[in-house]
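Hi,

Here is the structure I promised to pass on. Have a look at it first, and then read my notes below.

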Amino acid sequence: MANQLRLPFFSFNHLTIYLILLLSQSQQIFSTCRNFCNNIPINYPFSIDDGCGTPQYRHMLNCSATDLFFLTPSGNYKVQSIDYDKKTMTIFDPSMSTCSILQPHHDFKMSEIQSAIIPPSPDTIFILMNCSIDSPVLNHYKSVCFNFSGHSCDELYGSCTSFKLFHLLSNSTPACCFTSYETVKYMSMDILDCTHYTSVYNSDKLEGVGPLDWLYGMKLSFSVPDTGCERCDKSGGTCGFDVETEMAQCICSSTSNSTRDCGK
């Protein structure tokens with residue numbers, strides 16, 4: 001009995017401390033800001049990890065195993081590219097009708113802060129289609145429709161396989177409206193009395209280009225808050241913020257943060 005094997009003894013307190021330390025280390029590992037989602041770079045002011053980037057853009061992006069999505073009240077839009085020099089983001093709505101596919105209509109809605117800091121660019125055109133003769137955009141609000149590089153409803157309905165249906169069902173050319181984000185921002189599709197919409201970007205380069213070759217989607221123009229991020233970046237840190245107070249922070253490592261930079 002004197003030579004009986006003795007196993008190490010762990011008290012409940014020891015086990016609790018060990019689990020707390022393990023959890024703390026795990027949280028620290030995942031606190032590092034990821035700077036890519038698949039092949040798209042994620043730089044300030046954006047982030048896909050909470051506490052990174054700037055709080056104004058908090059929870060606007062979601063990174064899946066295959067795609068990056070821009071999240072809005074009306075749905076998730078696939079991010080095609082982000083140009084940090086021109087401060088633009090190009091997105092595409094998988095549920096939006098295009099020249100090749102007709103889908104059930106729905107509204108495009110952004111939150112108030114999104115409309116303020118990352119709205120659709122001026123060269124993004126919203127096209128309201130199959131509008132009734134009583135549509136507000138043909139009557140009291142016809143001023144919201146404008147000439148889009150000489151393009152017409154006939155051209156749109158005649159060129160696109162999906163939109164030809166509107167022409168066939170009415171045996172005529174239903175009204176359409178080329179307009180800006182401000183129109184769909186304040187009026188729903190039901191109020192506009194148009195059954196479908198699509199959107200194209202780089203409209204200033206589409207003169208003489210047929211609907212089959214338009215760039216379908218939206219280009220958003222974002223602003224970058226001035227929070228002294230350059231100083232943090234030059235010191236080797238990553239710009240972020242405290243998730244509780246939303247005060248700016250310079251993330252120096254997975255275990256160290258600073259208020260301004262990572263200088264020693």
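Let me start with a pair of cysteines: Cys131 and Cys194 are both buried. They are joined by a disulfide, with the sulfurs 2.1 Å apart. Keep in mind that this is a predicted model. The torsion about that S-S bond is about 105°, so this disulfide is right-handed. It links distant parts of the chain, as Cys131 sits in strand S7 and Cys194 in strand S9, 63 residues apart.

Cys153 pairs with Cys176, at an S to S distance of 2.0 Å. This one is left-handed, because the torsion about its S-S bond is about -100°. Again distant parts of the chain are linked: Cys153 belongs to helix H3 (residues 153–159) and Cys176 to strand S8 (residues 175–179), 23 residues apart. Both ends fall under the 20% limit for buried: Cys153 has a relative accessible area of 17%, and Cys176 has 10%.

Then there is the disulfide between Cys232 and Cys250, S to S 2.1 Å. With a torsion of about 85°, it is right-handed. Cys232 is in helix H7 (residues 229–234) and Cys250 in strand S13 (residues 248–251), so the bond ties together parts 18 residues apart in sequence. Cys232 and Cys250 are buried too.

The largest nonpolar core has 53 residues, and Phe46, Phe70, Met89, Ile118 and Leu128 have the most contacts inside it. Strand S7 (residues 125–131) provides the largest share of this core, with 6 residues. Another core, of 6 residues, lies apart from it and includes Cys229, Cys232, Cys250 and Cys262. As a rule, nonpolar side chains in soluble globular proteins tend to be buried together.

What does Phe46 touch, beyond residues up to four places away in sequence? The list is Gly53, Tyr57, Leu61, Ile82, Tyr84, Met89, Ile118 and Phe222.

Is Ser199 buried or exposed? Its relative accessibility is 0%, so Ser199 counts as buried. The Ser199 side chain reaches the backbone oxygen of Gly217 at 2.9 Å. Setting aside neighbours within four places in sequence, Ser199 is in contact with Met96, Ile125, Phe126, Leu215, Tyr216, Gly217 and Met218.

Cheers

Note on methods:
Residues are numbered from 1 along each chain as its sequence is written. This is a predicted model: local features need pLDDT of at least 70, side-chain atom pairs count only at pLDDT 80 or more; totals for chains, interfaces and linings use all residues. Side-chain values use heavy atoms; hydrogens and water are left out. A nonpolar core is a set of buried Ala, Val, Leu, Ile, Met, Phe, Trp, Tyr and Cys residues joined through side-chain atoms within 4.5 Å. Buried means under 20% relative accessible area, exposed over 50%, partly exposed in between (1.4 Å probe, protein chains only). Helices (H or I, at least four residues) and strands (E, at least two) are DSSP runs, numbered from the N terminus. Contact means heavy atoms within 4.5 Å. A polar contact is a pair of N or O atoms within 3.5 Å; within protein, one must be able to donate a hydrogen and the other to accept it, and residues adjacent in sequence count only if both atoms are side-chain atoms. A disulfide is a pair of cysteine sulfur atoms within 2.5 Å.
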